[in-house]
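Have a look at the sequence and the model, then read on.

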Amino acid sequence: MTFLQPIVFWGLPLLLLPVIIHLINRLRHKPQVWAAMRFLQAATRSAVSHAKLKQFLILAMRVLAVLLLTLFLARPLSGDWLGWMWHPAPDAIVLMLDRSASMEARAADGTKSLREEALNIFAQNAKAFDGRARFVLLDSATQRVEELASINSLMSLSSVRATDTAADWPSMFGSLLKWSLDAKPGSLEVWVATDLQKSNWRPSDPVWRSLEAQFAGAGLQVRFRLLELIHTGRGEQSLRVDEVTGPSNRSRDAVHFSALVQGDLAQGKTAISSSLSVNLNGSSTDQSVSLREGSTRVRRSLNLGANTNGGWISLSLPPDGSPQDNTAYGVYGPAQPSRALVVAEDKRVGRLLELALRTAGSAQRVEPTATLPVLQNFQVIVWQGAIPSQTVGDALRQHVTAGGTLLFLPSTAQVTNSPAAGELLAGLVWTSIDAITNTAALRVERWNEEEGPFARTEEGYSLPLRQTEFGKRWIISGATNTLAAFADGAPLLARQSVGDGKIYVITTLPLPGWSTLGEGRVLVPMLARLAETALSRNANARMSEAGKLSSRELEGNWRVMAGPTGGDPRINAGVYRDGDRWLALNRPASEDDSERVTADEMQSALKGLSWNFWQEKQKTDSPFRGEIWRIFLMCMLLALLFEGWLILPRKEVVISGLGSPTARTGGVAP
Amino acid sequence: MSESLASKYLDSAVLSRLMAQPLLTTMAMQGTVSGLHRSPHKGSSVEFAEYRNYAPGDDLRRLDWRVFARTDRFFLKEFEAETNLRCHLVLDGSGSMAFSYKTNPAKFDYARRLVATFAYLLVHQGDAAGLTICSRTPPPEIPPKRTPSHVQLILESIDTATAEGETLVVKELHAMAERIRPRAMVVVISDFFCDLEELVGAVQHLRFKKHDVVMLQLLDRQEVEFKFDHPVRFQDLESSTSIVAEPQLIREEYLRQLSLFQDSLRQKASEMRVDLRTFMTDEPIEKAASGLLLARAQLATAG
């Protein structure tokens with residue numbers, strides 16, 4: 001058990017106060033002559049043992065009340081021994097360790113990470129059970145169950161080291177259940193160390209109900225103890241590389257990157273100047289960036305010189321309380337021509353799109369009814385009109401999943417949404433053609449200028465989207481990521497991620513009566529950017545999240561080019577190289593999510609399991625704050641109540657035959 | 001009668017009110033002159049008692065000739081004899097009687113005023129009053145007499161008496177039972193803080209001698225309430241014993257012991273047909289005395 005106000009323990013000598021008062025009280029007795037001595041002597045003889053016991057109890061209750069008051073004021077947190085003292089040693093203790101990237105944030109003392117702090121607490125508390133219980137480790141990165149020879153070996157295990165992966169707690173509990181059913185320990189205690197990141201716990205996932213039923217059905221004696229670790233840093237930033245585009249037709253000797261810096265600034269500031277360390281293939285330069293509150297997009301071009309082969313970059317912000325999110329990696333492939341395929345129902349649209357795409361590279365146009373060329377030869381496919389068949393839909397989806405880019409434009413006529421298109425567009429549904437009559441909706445007022453096809457130019461100029469006129473559009477539903485919207489909120493451009501690729505959907509056409517996109521001031525840069533973005537998804541230069549790639553995808557002899565020494569591409573972020581293949585791994589985006597599971601959500605997810613919380617010390621306000629002062633307050637009140645009951649005058653003894661001062665009557669013998 | 005002593009122990013206003021009700025006895029008394037009380041002998045009062053057959057030697061003047069005329073048999077008509085009583089007032093002069101708490105009078109002072117009041121009333125109603133003080137250095141016993149000057153003797157005796165030493169009531173009651181003539185009234189004024197069995201033995205001795213025994217118990221309010229708010233060193237008034245105690249802790253047991261004693265005392269008094277009355281020293285003498293007088297009158301009438 002730990003205390004938030006240990007200074008209060010200086011008041012512990014006050015425990016002697018009731019005893020001192022009692023002794024002083026005994027010394028200050030007054031003399032009194034007495035006639036009815038025989039009754040006094042008899043009362044003293046018969047009541048002495050009972051009175052002494054009562055006196056002792058009264059004194060004990062007073063001392064206890066002062067002790068409990070001291071403990072109450074010291075603000076105790078439920079901790080190790082308080083939990084353990086009520087339970088005997090279990091047969092096995094499973095240590096479930098969160099090794100996700102967010103656990104590398106600094107703990108309260110600022111020297112250790114949350115993961116290291118959790119390991120220390122584990123090791124410290126497990127010593128009480130060393131030799132009496134089996135210790136088993138289950139970590140979030142490998143999800144392997146590993147039996148420990150001794151708790152002393154815990155800190156030296158490779159399976160407790162830092163990773164840049166995300167944790168999948170429902171899956172970990174599944175692994176725990178499987179192990180429990182196989183190993184069949186008599187009584188099991190599970191110690192869970194986590195920062196309660198919501199994206200890792202997914203409390204609303206229905207799998208919890210299933211797990212709960214399985215635990216209940218297995219008849220296991222399991223107690224869960226949850227060690228909550230919270231990092232409460234303020235004024236910290238996280239860095240993420242969204243896009244790295246290698247040499248292209250537009251700039252053959254430069255690499256472009258787009259990075260996003262998120263976080264809050266020091267209180268009262270709206271912008272600060274910071275230093276961004278950019279490492280291009282091993283040569284590092286520091287660049288000054290101005291960071292705004294919330295998020296800041298950083299786009300830069302780096303000169304490659306003569307070396308236009310594949311390579312890597314790493315970006316770093318100055319370290320803060322969460323060092324794990326201050327570095328990001330990116331890779332790019334060798335210069336390659338941009339190839340685009342245009343498939344359009346309307347010839348005029350097809351011609352316009354082909355011309356626009358040729359500004360970024362080569363473009364080939366075919367009719368929808370014609371036989372399609374091999375899609376893998378194209379980085380960008382622009383499709384206008386209905387998807388003719390399921391086969392074509394599957395081929396397009398496969399192309400996107402492998403990292404391709406697909407721009408989808410609607411048909412000129414009202415058509416039924418085909419199943420193929422619905423499946424391809426990941427739930428996005430064409431609803432109807434809408435002739436825009438509302439003048440307020442004629443314009444596009446807001447769009448994403450930070451990234452995507454409508455982003456600002458490198459010089460900082462906005463695309464003339466506001467000057468573009470619209471007369472007709474398709475209404476779509478199910479769009480999750482709208483990059484540009486009409487004034488009435490209807491999407492103009494939406495983006496869906498499918499596998500490693502992306503599908504863009506635009507709801508109007510570059511035709512007279514539909515819009516003035518055909519003038520080219522918006523359409524040409526939009527398509528050029530799509531082509532460039534597609535180039536960044538080079539087969540030999542892949543960017544992904546740590547822990548996301550399968551073993552098959554990671555086959556090869558990967559060498560660490562940047563990142564932690566001895567990094568493992570399965571779990572560590574960094575840049576890896578295998579011959580001509582480049583691989584950049586970053587921590588999952590969900591690890592930057594600061595949302596935590598609330599107490600209600602946690603109770604809802606774990607309600608069927610016997611668990612209690614166990615807090616790391618030095619918490620700030622948290623729904624799981626383990627202050628147990630209420631218990632001490634209640635105990636103190638109970639002690640005082642008991643003491644009050646002890647000193648309460650007992651039922652008055654009635655002496656018959658005596659008169660009261662007002663009714664003075666004498667007894668008369670019959 | 002000395003004015004100073006009389007004013008010290010007697011209240012003329014109280015006495016004038018109390019004189020309306022004589023102190024009566026429930027038993028037949030053997031007096032020396034005629035009085036208010038029933039005698040064991042038949043006499044010539046106006047109160048008819050019974051008829052009995054004539055026996056040779058009887059006074060022929062007491063024959064009822066009307067009955068002889070009707071029945072041709074000789075009957076004597078007998079009347080109740082009424083006599084005065086001899087009342088022995090016994091005052092406990094032990095140390096425990098000196099107890100007083102705060103503004104309450106000492107039990108001994110209260111007892112002295114009771115003795116003076118009853119002595120005056122008895123003499124005033126034509127009965128004889130005597131005084132025996134049970135103490136370590138008792139003044140001479142005053143035998144019962146019915147002269148008004150006798151009250152002065154009693155007042156002088158109680159005025160010189162002090163309450164000290166252990167209780168000698170039991171011993172004195174036994175001595176009185178042997179010493180005084182039967183059929184007298186014995187009024188014992190004490191707190192009766194002594195061995196109950198011994199006390200009962202002494203009272204039974206008096207009852208065996210056909211005395212009408214009245215026990216007046218005096219207690220202080222603090223003795224029956226035992227309310228202290230601090231530890232106390234209790235010093236015995238009759239010995240050198242002392243006890244340091246926390247009254248709050250032993251109060252319940254003390255009161256239980258006192259209650260047991262009182263219940264036993266009342267039980268024994270009832271068995272011995274002895275009139276036991278308990279007075280608190282914080283109640284007026286008049287109220288205590290008038291209560292006793294009225295109760296005695298009712299008992300006498302009923303008997």
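## Before you start

This is a predicted model, where local features need pLDDT of at least 70, side-chain atom pairs count only at pLDDT 80 or more, and totals for chains, interfaces and linings use all residues. Residues are numbered from 1 along each chain as its sequence is written, while chains are lettered from A and ligands numbered from 1 in the order in which they are written.

## Where the chains touch

Let's begin with the contact. Chain B brings 48 residues to it and chain A brings 39 residues; two residues are in contact if their C-beta atoms, placed from the backbone, lie within 7 Å. On the chain B side, the elements that each supply at least two residues are helix 8 (221-225), strand 8 (232-236), strand 9 (242-245), helix 9 (247-271), strand 10 (275-280) and helix 10 (285-302). Helices (H or I, at least four residues) and strands (E, at least two) are DSSP runs, numbered from the N terminus.

Which element of chain B gives the largest share of the side that touches chain A? That is helix 9 of chain B, with 16 residues. Sorted by class, this side of chain B has 23 nonpolar, 10 polar and 15 charged residues. Here Ala, Val, Leu, Ile, Met, Phe, Trp, Tyr, Cys and Pro count as nonpolar, Asp, Glu, Lys and Arg as charged, and the others, Gly among them, as polar.

Strand 2 (residues 30-34) of chain A runs parallel to strand 8 of chain B, with five bridges between them. Strand 8 of chain B is also joined to strand 9 of chain B, antiparallel this time, by four bridges. B:Q235 shows up in both pairings: it is the bridge partner of A:V33, and it stands opposite B:S242 in strand 9 of chain B.

## Inside chain B, and a second core

Chain B has 10 helices and 10 strands. Of its 303 residues, 43% are buried, meaning that 20 or more other C-beta atoms, placed from the backbone, lie within 10 Å of a residue's own.

The largest nonpolar core has 87 residues, and B:L91, B:V115, B:A119, B:I154 and B:V187 have the most contacts inside it. Such a core is a set of buried Ala, Val, Leu, Ile, Met, Phe, Trp, Tyr and Cys residues joined through C-beta atoms within 7 Å. Helix 4 (residues 107-124) of chain B gives the most to this core, 12 residues. A second, separate core has 55 residues, including A:V349, A:A356, A:L517 and A:M526.

## Strand 16 of chain A

Is strand 16 (residues 339-344) of chain A mostly covered or mostly open? Mostly covered: five of its six residues are buried. This strand pairs in the parallel sense with strand 17 (residues 362-366) of chain A over five bridges, and A:R339 stands opposite A:S362.

Strand 16 of chain A also runs parallel to strand 18 (residues 380-384) of chain A, again with five bridges. There, A:Q384 is the bridge partner of A:A344.

Note on methods. Two strands pair if DSSP finds at least two bridges between them. A residue is buried if 20 or more other C-beta atoms lie within 10 Å of its own, exposed if 12 or fewer, and partly exposed in between; C-beta atoms are placed from the backbone.
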